[in-house]
Amino acid sequence: MSNVAGKAYGMTVISPMRPRLTSTTRFIFIFSRAIPSRFKGLMGLALIHFARWVIIKREQWPDLGQGKQKLQNDYMLFCSNFNGTWDQYIDAFSDGIPNGLDLFWYSSTKYPHSIPITPFKNYIRLNQIDTDYYYTATPGAAQRDIKAALRVRRAILTLVAQRTTSTPKQFQAAYIEQLRLVQNDLGYQGYAPVASNDTKDADANRADYLKQQPKAAATLI
């Protein structure tokens, strides 16, 4: 079990909602999508790869052989991938969009609000579901590393396009200019300091898998 793969952390939270307020919550999400500028604080959190809230009504849970269940609550599913530690993420989330979090979890049972932070962390921890296995294609790269790599790629493609139409002197000038533009993007991608034994265990499990399945490993590296 590990929610960590390299620099990335995968979070899944399922919290019960009061059914009589589900329609109101759905309207809040529709309103939020219509006016995304109200969540600038969230957009500015570069540590977040992805975040999604989903409303699951009590009659929508799949029957995987356990039989139809009679549930009293609807549920809020929250999934997110991010860089850094769990505490850093919750702190940044609470600081960035405290009002937005309170709106999204408005109808969730016993939601304590995002401020003060300690009850909010306790609430998330209580409703979080740990992953059985968490995979990321770029475990050594944070979101900013990926964006930097894309900028370097665009610079290389620009030079490739100019190589047949430029004189050596013109190409040298173009090379220096592109190098100047991406010089801060040429950093080293690597693993962050180990935050828990789960990270070490996940790396060991992945290494064993790669050794046993060389073809699959070639597609993953």
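Trainee: How are contacts read here, and what share of those with a separation of 6 or more comes from residues 24 or more positions apart?

Mentor: A contact means heavy atoms within 4.5 Å. Of the contacts in the protein with a separation of 6 or more, 75% are between residues 24 or more positions apart. The model is predicted: local features need pLDDT of at least 70 and side-chain atom pairs pLDDT 80 or more, while totals for chains, interfaces and linings use all residues. Numbering starts from 1 along each chain as its sequence is written, and side-chain values use heavy atoms, with hydrogens and water left out.

Trainee: How many helices and strands does the protein have, and in what order do the elements run?

Mentor: Helices (H or I, at least four residues) and strands (E, at least two) are DSSP runs, numbered from the N terminus. The protein has 9 helices and 4 strands, in the order β-β-α-α-β-β-α-α-α-α-α-α-α.

Trainee: What percentage of the residues is buried?

Mentor: Buried means under 20% relative accessible area, exposed over 50%, and partly exposed in between (1.4 Å probe, protein chains only). Of the 221 residues, 36% are buried.

Trainee: Which residues have the most contacts inside the largest nonpolar core?

Mentor: A nonpolar core is a set of buried Ala, Val, Leu, Ile, Met, Phe, Trp, Tyr and Cys residues joined through side-chain atoms within 4.5 Å. The largest one has 27 residues, and Met 11, Trp 53, Phe 93, Trp 105 and Ile 124 have the most contacts inside it. At least two residues of this core come from each of β2 (8-17), α1 (22-34), β3 (48-56), β4, α3 (86-96), α4 (98-104) and α5 (117-127). Helix α3 gives the most, with 5 residues. Among the residues that Met 11 touches are Phe 78, Phe 82, Trp 86, Tyr 89, Ile 90 and Ile 124.

Trainee: Asp 74 has a charged side chain; is Asp 74 buried or exposed?

Mentor: Asp 74, in strand β4 (residues 74-83), is buried, with a relative accessible area of 1%. Look next at its polar contacts (pairs of N or O atoms within 3.5 Å; within protein, one must be able to donate a hydrogen and the other to accept it, and residues adjacent in sequence count only if both atoms are side-chain atoms). The side chains of Asp 74 and Thr 22 form one of 2.6 Å. A polar atom of the Asp 74 side chain also lies 2.8 Å from the backbone nitrogen of Arg 58. Residues touching Asp 74 include Ser 15, Pro 16, Met 17 and Ile 56.

Trainee: How many salt bridges does the structure hold?

Mentor: Side chains of opposite charge can pair when their charged atoms come close. A salt bridge is a side-chain nitrogen of Lys or Arg within 4 Å of a carboxyl oxygen of Asp or Glu. The structure holds 6. One joins Lys 121 and Asp 87, with the closest N and O atoms 3.0 Å apart. This pair links distant parts of the chain, from helix α5 to helix α3, 34 residues apart. Lys 121 is buried at 14% relative accessibility, whereas Asp 87 is partly exposed at 37%. Together with Asp 91, these two residues form a network of salt bridges.

Trainee: Where do the partners Asp 185 and Arg 151 lie?

Mentor: Their closest N and O atoms are 3.0 Å apart. Asp 185 is in the loop between α7 and α8, and Arg 151 is in helix α6 (residues 143-162). By contrast, Arg 180 and Glu 177 both lie in helix α7, 3 residues apart, about one turn of the helix.

Methods: Lists of a residue's contacts leave out its neighbours within four places in sequence.
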